[in-house]
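Trainee: I would like to go through some of the labels on this model and ask what each one rests on.
Mentor: Go ahead.

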Amino acid sequence: QNASGSLLGIFSRSICFEQGLNKGSVLPYIERALSADYGVIVLRPNTNSVIEEIPGEGPRKVPILGSESPEIHALCVWENVITKAENVTHIALLGYGNGAILCKDLLLRQMVRSGNDESEVNRIKAFITIEASSIVEEDDAVDVKEFVGNVGVNLECSKAPIGYRLAYRREKLGCVSLSVGLPAAATEVTNVAVSLSLSINPVFKYLKLAENGGHVGKIFSDLMAKENGFNPNSAEITVNPNIEVENDVVKPRDNESQATTKKGFFSWFGNKKKKSSSNQSNDDEKITVNDFELLK
């Protein structure tokens with residue numbers, strides 16, 4: 001998940017209220033994964049303590065054993081759940097925002113296990129992130145950098161056309177980063193959480209490719225460019241199109257519209273009847289009273 005205080009499975013509370021759970025939560029990803037016969041584990045790294053009433057002392061914050069920090073939580077789940085699933089041969093990691101670095105922590109743990117035990121095979125075959133804040137760090141081992149560079153993919157909303165490589169992100173992330181464009185009628189990036197709904201089809205296309213192994217990062221990058229009508233060798237942007245620099249001051253661009261791109265993969269969204277106002281969501285996208293149970 002993205003940041004401290006985030007709720008389980010909720011990527012953006014504002015988008016959940018404004019556009020519904022199908023746009024702002026992990027639910028569509030879970031439904032899609034289950035329909036493709038994936039097993040799914042959703043981690044809760046940002047809940048690290050509970051409030052307990054201590055007799056004679058009043059309420060006190062108590063750390064959760066095995067979940068004292070996001071890093072401890074992720075590694076605890078890995079060691080106590082995932083590594084014991086012996087029938088699992090293919091593991092895919094998906095992280096959003098700050099969750100990307102936790103995915104790398106899991107990769108590090110698995111690579112250490114594999115290095116120390118010849119019978120331990122690295123079962124991580126896919127590493128994909130959305131709006132990653134950071135992945136590869138300068139002091140990471142060479143084999144970790146190579147794995148992330150060959151297998152990893154990051155997706156994010158951008159004014160760049162869908163499928164374009166965001167070359168300016170590679171140094172910070174250590175893997176290929178691709179644009180998923182902007183929502184329909186949008187001209188600016190106002191909430192990066194919109195990337196979640198824009199990325200769902202590319203994510204599952206990547207996961208399918210990753211089942212075959214190899215340098216899936218480049219394979220997927222080339223495929224995204226071709227499917228959107230671009231030459232993979234030139235579909236790249238080296239400067240962040242979401243900002244501009246004037247007299248050494250970075251500021252938003254005011255009058256730039258999104259580059260024309262082909263319609264995205266999720267065609268069934270377009271089959272739903274649209275409201276008269278572009279600011280209104282479909283009725284089945286709206287949050288209901290029953291949905292509040294999922295926000296607790």
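Trainee: Which residue just after α9 takes a positive phi?
Mentor: G229, in this predicted model, has a phi of about 85° just after α9.

Trainee: How do you know that the span of α9 agrees with a helix of twelve residues?
Mentor: Helix α9 covers residues 216-227, and at 1.5 Å a residue it should span 16 Å. Its end C-alpha atoms are 16 Å apart, so the two values agree.

Trainee: Which residues of α9 are buried, and what do they pack against?
Mentor: V216, G217, F220, S221, D222, M224 and A225 are buried. They pack against α6 (142-151), β5 (153-156), β6 (165-166), β7 (176-179) and α8 (195-210).

Trainee: What covers the buried residues of α5?
Mentor: The cover includes α4 (70-82), β3 (91-96), β4 (124-130) and α6. Among the buried residues of α5 are L102, C103, K104, D105, L106 and L107.

Trainee: Why is V40 called partly exposed?
Mentor: Buried means under 20% relative accessible area and exposed over 50%. V40 has 37% relative accessibility, so V40 counts as partly exposed.

Trainee: Where does V40 lie, and which patch includes V40?
Mentor: V40 lies in the loop between α3 (27-35) and β1 (49-54). With L8, L34 and V42, V40 forms a nonpolar surface patch of about 310 Å² of accessible area together.

Conventions: Residues are numbered from 1 along each chain as its sequence is written. This is a predicted model: local features need pLDDT of at least 70, side-chain atom pairs count only at pLDDT 80 or more; totals for chains, interfaces and linings use all residues. Side-chain values use heavy atoms; hydrogens and water are left out. Helices (H or I, at least four residues) and strands (E, at least two) are DSSP runs, numbered from the N terminus. The expected span of a helix is 1.5 Å times one less than its number of residues. Buried means under 20% relative accessible area, exposed over 50%, partly exposed in between (1.4 Å probe, protein chains only). Contact means heavy atoms within 4.5 Å. Patches are made of residues with over 30% relative accessible area and no salt bridge: like charges are joined within 9 Å, nonpolar side chains (Val, Leu, Ile, Met, Phe, Trp, Tyr) within 5 Å. Accessible areas come from the Shrake-Rupley method with a 1.4 Å probe; for residues, only the protein chains shown count as cover. A salt bridge is a side-chain nitrogen of Lys or Arg within 4 Å of a carboxyl oxygen of Asp or Glu.
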